[in-house]
Amino acid sequence: MMTKDDPFEGTSGSVARRVMTGLVKVGIAIKSHAWQEAEGRNLTPTQGQILALLRLRSSTGLRLSELADGLAVSLATTSETVDTLVQKGFVQKTRLPQDGRVRTITLTETGKAEADRVAGWPDFLLDAVDTLSPAEQTVFLHGLIKMIRALQERGQIPVSRMCVTCRFFRPHVYPESDRPHHCAFVDLPFGDRHLRLECPDHEPSPPEAAERIWKQFVSLGSE
């Protein structure tokens, strides 16, 4: 029974607030490490983020507006950063054959090599994540997916190309299996541990279908 003198109640806020505090601390670590890595390679974190984003979309490239949306920065900042990366020989601007007025940004061969190195910047977190058991990692991934989707729905972060928002995602098709979900793109089952937060083959579900699929994923996943 709780009492007024209970030292664990009322001093640190709700569990949700303590989780938020923890995420802020992780965010500070990521930001600090990104600056250290960027300075060592004569890049800014924003330049590194653009290279990493283009690496994910290497087959098609991205328009300037898509880069800005993906990084949640202004179009002016994105344009200036891309111009710097062009000067460094990491990216190039290509006009679309079907519409010469539109340019896409793609990685050069030098840029691809640099983007591969940039993609390794967050790897310092892997040792910390590996302290979690496989079951804890899966639960943590579930929680991140829910948080990311909630932030996306409110327009507070860029859209992430997650399994749970993809038109190819079929949740809990095989409820008795350790691979309960089905990906219609590759036509194969997969488990919670395989859920992606950024997939190059992602195609967004129509709004009504997306809401139905999400409810199915959450309701059956909590049983």
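Predicted model: local features only at pLDDT ≥ 70, side-chain atom pairs only at ≥ 80, totals over all residues.
Where does His194 lie? His194 is in the loop between S6 and H8.

First, the chain as a whole. The chain holds eight helices and six strands. Going along the sequence, their order is α-α-β-α-α-β-β-α-α-α-β-β-β-α. The chain has 223 residues, and 30% of them count as buried. On contacts, take those in the chain with a separation of 6 or more: 51% of them are between residues 24 or more positions apart.

Now His194 again. His194 has a relative accessibility of 30%, so this residue counts as partly exposed. In sequence, His194 and Arg179 are 15 residues apart, and in space their C-alpha atoms are 8.9 Å apart.

Next, a pair of helices. Helix H3 covers residues 64-71 and helix H4 covers residues 75-87. Their axes come within 9 Å of each other and cross at roughly 110°. Angles from 65 to 115 degrees count as roughly perpendicular, and therefore H3 is roughly perpendicular to H4. The crossing of H3 and H4 is right-handed.

Which residues make the contact? On the H3 side they are Leu64, Ser65, Leu67 and Ala68. On the H4 side they are Leu75, Thr78, Ser79 and Val82. By type, the residues of this contact are five nonpolar and three polar, with no charged residue.

Lys93 lies in strand S2, which is residues 91-96. Is Lys93 buried, partly exposed or exposed? Its relative accessibility is 35%, so Lys93 counts as partly exposed.

The last topic is aromatic rings. A pair of such rings is described by how far apart the centres are and by the angle of the planes. How many aromatic pairs does a search of the whole structure find? The search finds four. I will go through two of them, both involving Phe169.

Take Phe169 with Phe190. The ring centres of Phe169 and Phe190 are 6.0 Å apart and the planes are at 50°, so this pair is tilted. The pair links distant parts of the chain, since Phe169 is in strand S4, residues 169-170, and Phe190 is in strand S6, residues 188-190. The two are 21 residues apart. Phe169 and Phe190 are both buried.

Then Phe169 with Phe217. This aromatic pair is edge-to-face, with 5.8 Å from centre to centre and 70° between the planes. Here too the pair links distant parts of the chain: Phe169 is in strand S4 and Phe217 is in helix H8, residues 207-221. These two are 48 residues apart. Phe217 is buried, as is Phe169.

Which residues form one aromatic cluster? The members are Phe169, Phe190, Trp214 and Phe217.

To place this against the opening question, Phe190 is in strand S6, Phe217 is in helix H8, and His194 is in the loop between S6 and H8. That is the end of the tour.

Definitions and conventions:
Residues numbered from 1 in each chain as written. Heavy atoms only, no water. Axes fitted to C-alpha atoms, helices over the stretch in contact; angles between N-to-C directions. Helix = DSSP H or I, 4+ residues; strand = E, 2+ residues; numbered from the N terminus. Parallel < 35°, antiparallel > 145°, perpendicular 65-115°, else oblique. Left-handed = near helix turned anticlockwise from the far one by under 90°. Contact = heavy atoms within 4.5 Å. Nonpolar A, V, L, I, M, F, W, Y, C, P; charged D, E, K, R; others polar. Phe/Tyr/Trp six-rings, centres within 6.5 Å; stacked < 30°, edge-to-face > 60°. Buried < 20%, exposed > 50% of the residue type's maximum accessible area, 1.4 Å probe, protein only.
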